[in-house]
Amino acid sequence: MAIQLPESTESLPAVDALTPRQIVAELDRHVVGQAAAKRAVAVAMRNRIRRQRLPAEMAAEVTPKNILMIGPTGVGKTEIARRLARLSGSPFLKVEASKFTEVGYAGRDVESMVRDLTESAVDLVRREKRDEVRGAARKNAEEQLLDLLLPPRPSHAAEGDGGADSFRATREKLREQLRAGALDHREVEVEVAEKGTPSFQILSSQGVEEMGVSMKDMLPGLFGGRTRKRRLPVPEAREALLAEEESRLVDADQVARIAIERVQSSGILFIDEIDKIAGREGGHGPDISREGVQRDILPIVEGTTVATKYGNVRTDHVLFIAAGAFHVSKPSDLIPELQGRFPIRVELEPLTQEDLVRILTEPRNALVAQYRALLATDGVDVTFTEEAIHEMARFAMQVNAATENIGARRLATILETVLEDLSFEAGEGDRRAVRIDGDEVRRRLASVAANQDLSRYIL
């Protein structure tokens, strides 16, 4: 079975033109099966687009229809939400609800999820803005590099002696050499930002986070606010100057404003392991802790204002996607108020062996394609027979049934074990072709899979 390396795909319509059917089709490129969950998130995304077309007064009243995904681990819950965020360009954050079960002891303030989502939005917008100014930044960095290679003429130099023309000609010749890489062996002295680490700690990182305070903002000198001169090869100096110019050309205040707006209008918060906090008062200890976390999360899901270092963020129109296996508890164990805030519920199906076969081969950048591409960089052209693919899926199902069922995540471990020797030896010799068949998969996995103790640690 020849598995083709991933190719570029056709461009999609603009985000605001995507229909739910097109959204599902794009998700199908990355996640196998789970049609109900894909339909639910596709409708949720389309409703956001529809809301933006409403009059402002009505749009303010239309809240997201939050989604509760129910299903075992490794079946695609997180990946569906993550791919939806990438498709829509939305800020995305995944958190585990269990992190908040011991607030005041080892847990975290629930508002930190909104601050973290805002931070991810700032990073997203900053990257977009840097892309926009890259052309100008590259031009400025080149001029600065030329100034270092050929210092400018003194301002009092005579203009009529032909020196100015000669200087410009020399500078343009240097520019050509610079672009051609002929000056890469040269070194220049540039000022670079220091990336220092404070030698003491005023507050714990958790305390700083939960106060919404940035120590970097309070004490910039401790965190790289200074610069120092360094001699660097021309290629490294160009990158340093380019990064500095991009930072200078990007308006930090504008980035913060756009990021906050992006969070408020299209942010996606994925709360995993919500089944771990399902419980009501009436028991002792942990049950009370779990209900307390639910009640802390409730106002954020209902809509509240959270203070961040970039400004206040409203959560009224953030889309919340909660997920859990619910092996022990059930959705009705959540407090009624929180249940009501997740009106759309979808149940994801356990993966079959055929699903695992498809996961290995069908999605864009599927696991088999990834490993083929990795080994190809060392001159090894590895192919898998159809029988080998089915055998790896069968072993994954077998180990999942005998130990912990971690779904499709088992496949990466299976592939690592099958290709262990080949990955270790690749790059030591000439280019070669390697064919992995069913016998090779069985040879590599049969003894380990048969021993449950070994399976727990190896597979």
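In the predicted model, the axes of helix 5 (residues 112-149) and helix 9 (residues 234-249) approach within 7 Å and cross at roughly 130°. Because angles from 65 to 115 degrees count as roughly perpendicular and those over 145 as roughly antiparallel, helix 5 is classed as oblique to helix 9. The crossing of these two helices is right-handed. By class, 13 nonpolar, three polar and seven charged residues form the contact of helix 5 with helix 9.

Helix 5 also packs against helix 10 (residues 252-266), with axes that come within 8 Å and cross at roughly 125°. Helix 5 is therefore oblique to helix 10, and this crossing is likewise right-handed. Helix 5 contributes Leu117, Thr118, Ala121, Val122, Leu124, Val125, Arg126, Glu128 and Lys129, while Gln254, Val255, Ile258, Ala259, Ile260, Arg262 and Val263 take part from helix 10. The contact of helix 5 with helix 10 comprises ten nonpolar, two polar and four charged residues.

These helices belong to a protein whose secondary structure consists of 19 helices and eleven strands. Of its 459 residues, 42% are buried. Among contacts between residues at least 6 apart in sequence, 79% connect residues at least 24 apart. The accessible surface of the protein amounts to about 24500 Å², with 49% belonging to carbon and sulfur atoms.

Methods
Residues numbered from 1 in each chain as written. Predicted model: local features only at pLDDT ≥ 70, side-chain atom pairs only at ≥ 80, totals over all residues. Heavy atoms only, no water. Helix = DSSP H or I, 4+ residues; strand = E, 2+ residues; numbered from the N terminus. Buried < 20%, exposed > 50% of the residue type's maximum accessible area, 1.4 Å probe, protein only. Contact = heavy atoms within 4.5 Å. Areas by Shrake-Rupley, 256 points an atom, 1.4 Å probe, with all protein chains shown as cover. Axes fitted to C-alpha atoms, helices over the stretch in contact; angles between N-to-C directions. Parallel < 35°, antiparallel > 145°, perpendicular 65-115°, else oblique. Left-handed = near helix turned anticlockwise from the far one by under 90°. Nonpolar A, V, L, I, M, F, W, Y, C, P; charged D, E, K, R; others polar.
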